Amino acid sequence: MGTLRMGALTRRRVGMRAADLEYAVLDMETTGLEPREGARIVEIAVVRVRGDGKLVEEFSTLVDPRAPVGGQEFHGIGEGDTVGAPTAAQVTPRLTELLSGAVVVGHNLDFEQRFLAAELVPAGLPTGQSGLCTLRALRSQVELDRYSLPKASYRLSGDWPTGQHTALGDARACAKLLAEMLANAPGDLRYGGPAPRSFTVPADGTREPVRWKPRTSAPPGGLAPLSSWRARWRPQELDPLLCGGVFGDTDRAIAEMAAHRDTRFRERLAAVAAVTGGIAATAAGGLLVRMAGERGGEGLRDLVDRGLRSGRGLPAGRNGGDGSPRRRLGRMGRTGGAVFGHRAGFGD
């Protein structure tokens, strides 16, 4: 099982209402880009936030990488800064608490996932929590020229994020971006993915005390007020699986062509549903007329009213066997369902 079970935001009527969930927005500063090449975590932050943008809790600390600190030109963390900071193993129980019951979020979450798998899962971090990448979500839903966290934030809200290249500053900016995305969407966004899991963590009395070493302090008052976006929402949302990587002109074109094909496919399915539903309704009407004739003094309106009151729609045939009207209509419905079920997630 992967470290995270990735989901996505969608305007379709599937999954859970995204505004009703809680999110653990995660950011890291590291000594390099690839843990396979020896890169390690030097700072980590989590901002726990509700879908309406209300701050629940936040946490940050420097981390002792037990290795030379590279990447100083990006994050500004020196060798001496990590002296006395907790190790990744010491951070893991606190991180487990913060991720429990929440969707784990990051801007390019693929990056954080690699370090979770390399350092924190071996130290005891549970796997299988729900995940959401805001970079993929933004590319899927909104038309922009650039999608980096600071540039997207500025283009959408007019404000540059503060505390860039600090774990807490970037986590706060990502949390604000997510909350604004949910608030500014042209309808309810839903989270199409597995429900968040709750983890069991050791009681405080059974853990060794850890001294955290935050590099930055959080300003009071929670997140900054949410802004109204100057956004052009895509008429056809893109597949988030096609929205990773560099996402250059060719990548965009491929994702947009796939979305166009998907829309045409859904339109054809809707047309098939309308035709099949009309055939079923015509057949049902004919059955009701024949049944009304068989029942003698009981009129068609009485039959329909009785069926609606009973919640069954149509009364059963007299013999109750395979030739009854209910069985015949049931077979028609199953045939139609096989057509509609061809594409997973068809529900809108």
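Strand S4 supplies five residues to the lining of the largest pocket, the largest share of that lining. Helices and strands here are DSSP runs, numbered from the N terminus: helices are H or I with at least four residues, strands are E with at least two. A pocket is found on a 1 Å grid over the protein atoms alone, as an open set of points where a 1.4 Å probe fits, with protein on both sides within 12 Å along at least five of seven lines; lining residues have an atom within 4 Å of a point.

The model is predicted: local features need pLDDT of at least 70, side-chain atom pairs count only at pLDDT 80 or more, and totals for chains, interfaces and linings use all residues. Residues are numbered from 1 along each chain as its sequence is written, and side-chain values use heavy atoms, with hydrogens and water left out.

Stay with the pocket. The space in the largest pocket is about 920 Å³. That volume is the space filled by probe spheres set on the grid points, which are joined across faces, edges and corners. Its lining has 31 residues, and His107, Asn108, Ser148, His165 and Asp170 lie nearest the centre. At least two lining residues come from each of S4 (22-30), H1 (72-75), H3 (109-120), H4 (134-141), H5 (149-157) and H6 (167-184). By class, twelve are nonpolar, eleven polar and eight charged. Here Ala, Val, Leu, Ile, Met, Phe, Trp, Tyr, Cys and Pro count as nonpolar, Asp, Glu, Lys and Arg as charged, and the others, Gly among them, as polar.

Now take the whole chain. It has nine helices and eleven strands. Of its 348 residues, 42% are buried. Buried means under 20% relative accessible area, exposed over 50%, and partly exposed in between, with a 1.4 Å probe and protein chains only. Helix H4 shows burial along its length. Eight of its eight residues are buried, so H4 is largely enclosed by the rest of the structure. Among them are Arg136 and Arg139.

Next comes the nonpolar core. Such a core is a set of buried Ala, Val, Leu, Ile, Met, Phe, Trp, Tyr and Cys residues joined through side-chain atoms within 4.5 Å. The largest one holds 66 residues; Leu9, Tyr23, Val25, Ile44, Leu95, Leu120 and Leu138 touch the most other members. H6 gives the largest share of this core, ten residues. A second, separate core has five residues, including Val42, Val69, Ile77 and Ala85. Beyond residues up to four places away in sequence, Leu95 touches Leu26, Ile44, Val46, Leu116, Leu120 and Leu125. Contact means heavy atoms within 4.5 Å.

Turn to a sheet. Three strands form an open sheet in the order S2-S10-S3, with antiparallel pairing. S2 (8-10) and S3 (16-17) are at the edges with a single partner strand each, so one side of each has no neighbour in the sheet. Two strands pair if DSSP finds at least two bridges between them. S3 and S10 (residues 190-192) are antiparallel over two bridges. Met16 has Tyr191 in S10 as its bridge partner.

Two arginines sit at this sheet. Arg190 lies in S10, while Arg12 lies in the loop between S2 and S3. Arg190 is partly exposed, at 24% relative accessibility. Arg12 is also partly exposed, at 24%. They are 178 residues apart along the chain, yet their C-alpha atoms are separated by 7.2 Å.
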